[in-house]
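Could you walk me through this protein in my viewer, one selection at a time? I'd like to know what to click on next and what I will find there.

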Amino acid sequence: RPTSLEEVGSYDPEHLTAYEAGIKAGFGRIATINLAVFRNEYKDQQILISTVSPNSGLLIVRNENAGQSRIQGLELEGNFRVSRQFTLSGAFGLLDAKYLDYVSVINGVATDVSDRKLKQAPDITANMSAVYETALGQALDGVFRVDAAYKSQVFVDTENTPLLRQPDHVILNASAEFRLTDSGFAVRAGVDNITNKRIITA
C-alpha cells in the first residue's frame, strides 16, 4: 500500500490481445514433448516502477501505464523416462519482450523508454531435472533429485539501467526423500542454490 502521497495516483486498465498455438506429442510411457508459440500485445500495460522522489529524495513505488508493449516467444518442454528408476525432464524458452510506446517519469523526468526490454524478462530460459527412484529396503524407497535452472540477463527496472542488470546465471538445487512404503510417511532434505549464487530480484 502507498507510504507517501507521491505513491497515490490512478492508472488505466490494461488491455491484452493474446495469440497461442501449440502441439503435444506422446511416445507411450517413454517420452512426452510439448511445444507452444505465443504473442501477447498489450495496450496500457500496468507497470510497477521504483523511482527516486524529486521532492524527498526517497525511493517511491507506484503504478503507471505503458502505452504499448509486446511479448512473444516459444516454449519447449520434454519428459523422458530413461528407465523404470530414472527420469529426465527439461524446458527451454525464447522470449522477445519490449516496450513499443512508453514514456515513464523517472526521477521526476519524462523519459522515453520505447524499444527497451521489459523488466525481469529474460531472452532465454532453460531448466532440467534428473530424478532417480529406488528401493532401499523392503519398506523404504528413496527419491534423489537434482535441478538446474538457467536464465539469461535481465533488467530489474524499466529504464534498463546497467547497474540494475542481473547477468545470466544458473541455479542448482538438490534433494533426497525417503518414504516408508507401508505408511506413506516421508522425510525430505534438500539444498537450494548449492553454489550460493547471488542475484538481483527487485
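How many helices and how many strands does the protein have? This predicted model has 0 helices and 12 strands. Colour by secondary structure and follow the chain from the N terminus: the elements run β-β-β-β-β-β-β-β-β-β-β-β. The radius of gyration is 22 Å, well over the 17 Å that the globule rule gives for 202 residues, so the protein is more spread out than a compact globule.

**Whole-chain view**

Zoom out and show the C-alpha trace, which spans about 70 × 40 × 30 Å along its principal axes. Of the 202 residues, 27% count as buried. If you display contacts between residues at least 6 apart in sequence, 55% of them join residues at least 24 apart.

**Stop 1: the nonpolar patch**

Select Ile23, Phe27, Ile30, Ile33, Leu35, Leu76, Phe80, Val82, Phe92, Leu94 and Ile124, which make a nonpolar surface patch of about 940 Å². Then centre on Leu94, one of the patch residues, which sits in strand β4. Is Leu94 buried or partly exposed? Leu94 is partly exposed, with a relative accessible area of 35%.

**Stop 2: the core**

Next, hide the surface and look inside. The largest nonpolar core has 13 residues, and those with the most contacts inside it are Ile47, Ala66, Ile71, Ala97, Tyr99, Tyr102 and Leu118. Two or more core residues come from each of β2, β3 and β4, and β2 gives the most, with 4 residues.

Keep Tyr102 selected and show its neighbours. Leaving aside residues up to four places away in sequence, Tyr102 touches Ile47, Ile49, Glu64, Asn65, Ala66, Gly67, Thr111, Asp112, Val113, Ser114 and Thr158.

**Stop 3: a loop with positive phi angles**

Move to the loop between β6 (109-112) and β7 (124-135), where you will find Asp115. Asp115 is not a glycine, yet has a positive phi of about 70°. Asp115 counts as exposed, at 55% relative accessibility.

Gln120 lies in the loop between β6 and β7 as well. Select Gln120 and check its backbone: phi is positive, about 55°, although Gln120 is not a glycine. At 35% relative accessibility, Gln120 counts as partly exposed.

Note on methods: Residues numbered from 1 in each chain as written. Predicted model: local features only at pLDDT ≥ 70, side-chain atom pairs only at ≥ 80, totals over all residues. Heavy atoms only, no water. Patch = residues over 30% accessible without salt bridge, like charges linked within 9 Å, V, L, I, M, F, W, Y side chains within 5 Å. Areas by Shrake-Rupley, 256 points an atom, 1.4 Å probe, with all protein chains shown as cover. Salt bridge = Lys/Arg side-chain N within 4 Å of Asp/Glu carboxyl O. Buried < 20%, exposed > 50% of the residue type's maximum accessible area, 1.4 Å probe, protein only. Rg over C-alpha atoms; globule rule 2.2 N^0.38 Å. Contact = heavy atoms within 4.5 Å. Core = buried A, V, L, I, M, F, W, Y, C linked by side-chain atoms within 4.5 Å.
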